Amino acid sequence: MQVNKNVSLQAYNTFGIKTACGELVILESKADIEKAFDLFPQSIIIGGGSNILLAKNPIHSVILNRITGIKIISENDKGVQVSVGSGHNWHEFVRWAVSQNLGGIENLSLIPGTVGAGPIQNIGAYGTEIKDVLEKVEFYDFEKRKFRSLLPEQCHFGYRDSVFKNHLKNKGFISQVFFNLTKSSYYEVNLSYKGLTDYLNNLNIKSPTITEVSNAVISIRQSKLPDWKELGNAGSFFKNPEINIDLFKKIKQSYPEAPSYPIDSKTIKIPAAWLIETCGFKGVQYGNVGCYLNQPLVIVNYGNALPAEIIDLKNHIQNQVLDKFGIELVPEVTIVQ
Ligand SMILES: Cc1cc2nc3c(=O)[nH]c(=O)nc-3n(C[C@H](O)[C@H](O)[C@H](O)COP(=O)(O)OP(=O)(O)OC[C@H]3O[C@@H](n4cnc5c(N)ncnc54)[C@H](O)[C@@H]3O)c2cc1C
């Protein structure tokens, strides 16, 4: 465990916000978890800093998760059970799985951040969510001062949601994540997402391998999303709202082109990006902040943005969408205030 004093957090959040912290505690081993949280209680946990807006300055103490390592726990004809340190870079883990020809997470290629933050919002992309391959989550419980394992049914996974965003929010630290990955001979790649199949069809790839799916996802993402190293951002700022079908029918009367995805007989999901674009935010820039041209759901930092500027834009978008459509947009990004 390393403790550094008075550190800028700019390099530790993908928005590139220049917040500072009094103590930056770098956690590199599971053995130090208890000690770190005893010495620095109430610390803000940061993994890759890719789903967080650091709106408080300075922050008293930050625990930076750098507990890494991939370990095969068991193996049979069909697949392997793997444990991964929660501070391991997510995409590095995907690359490892793809290189071993193990299927299950290739559709989640190139999502920034750490493995341990994955279950918090049940990361998802291109028709796959982390819950689909999760065996269990190891969690250090601050109150009980011990490690416990949570099975998927105890994690209450939903769309960009889990028990870690609700009942267990700020109650502990995810230390290790266990996955079930499938060997290629028993695995069928997930091509449920139309954009992905279209992309592969254009390349004339009819029966893609795990590697080809991963490469396709990486290419699509690179063409759509800004590189946070060049243009600070935290990915989708808002969740796609799930709304009552009656409200959707009303919206359809004025906007026949409104896109939707059915959830059940009473509920549909409507893309937040469409709502934001229809309110005129696509590609807008206000001072240091704006909505990305290719994907208006992504709020970007054009350089030197203050957290207050991002929050003002967030509020402005929420108010406009509420006024126009009667829909409340809920942030996906954690705001530390
Ligand atoms: C360009 C871009 C694209 C993205 N695309 C996607 C996408 O396709 N799908 C998707 O789901 N997400 C996406 N995201 C969001 C983000 O990458 C994921 O949510 C990721 O899992 C966050 O990981 P992190 O380590 O950066 O978390 P952080 O931002 O460091 O933390 C997020 C929250 O989790 C808490 N936390 C982090 N680690 C732990 C831990 N070990 N124990 C307890 N609490 C913890 C933090 O305190 C904070 O509240 C994208 C982000 C960017 C910048």
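I first looked up which residues of helix α4 are buried (under 20% relative accessible area, with a 1.4 Å probe and protein chains only), and I noted I210, V213, S214, A216, V217, I218, I220 and R221. The model is a predicted one, in which local features need pLDDT of at least 70, side-chain atom pairs count only at pLDDT 80 or more, and totals for chains, interfaces and linings use all residues. Residues are numbered from 1 along each chain as its sequence is written, and side-chain values use heavy atoms, with hydrogens and water left out.

I then asked what covers these buried residues of α4. The cover includes α2 (90-99), β8 (102-103), β9 (124-125) and α3 (194-202), where contact means heavy atoms within 4.5 Å.

For the length of α4, I found 15 residues (210-224) and a reach of 21 Å from the first C-alpha to the last, close to the 21 Å expected at 1.5 Å a residue; the expected span is 1.5 Å times one less than the number of residues.

Next I turned to the ligand, which 29 residues surround, the closest being I45, G47, G48, S50 and T114; a residue counts as near if one of its heavy atoms lies within 4 Å.

I looked up polar contacts (pairs of N or O atoms within 3.5 Å), and found an oxygen atom of the ligand 2.6 Å from a polar backbone atom of I45. For G48, a backbone N or O atom lies 2.7 Å from a ligand oxygen atom.

By class, I recorded twelve nonpolar, 15 polar and two charged residues in the shell around the ligand, with Gly counted among the polar ones.

Note on methods: Helix = DSSP H or I, 4+ residues; strand = E, 2+ residues; numbered from the N terminus. Buried < 20%, exposed > 50% of the residue type's maximum accessible area, 1.4 Å probe, protein only. Polar contact = N/O pair within 3.5 Å; in protein donor to acceptor, adjacent residues only side chain to side chain.
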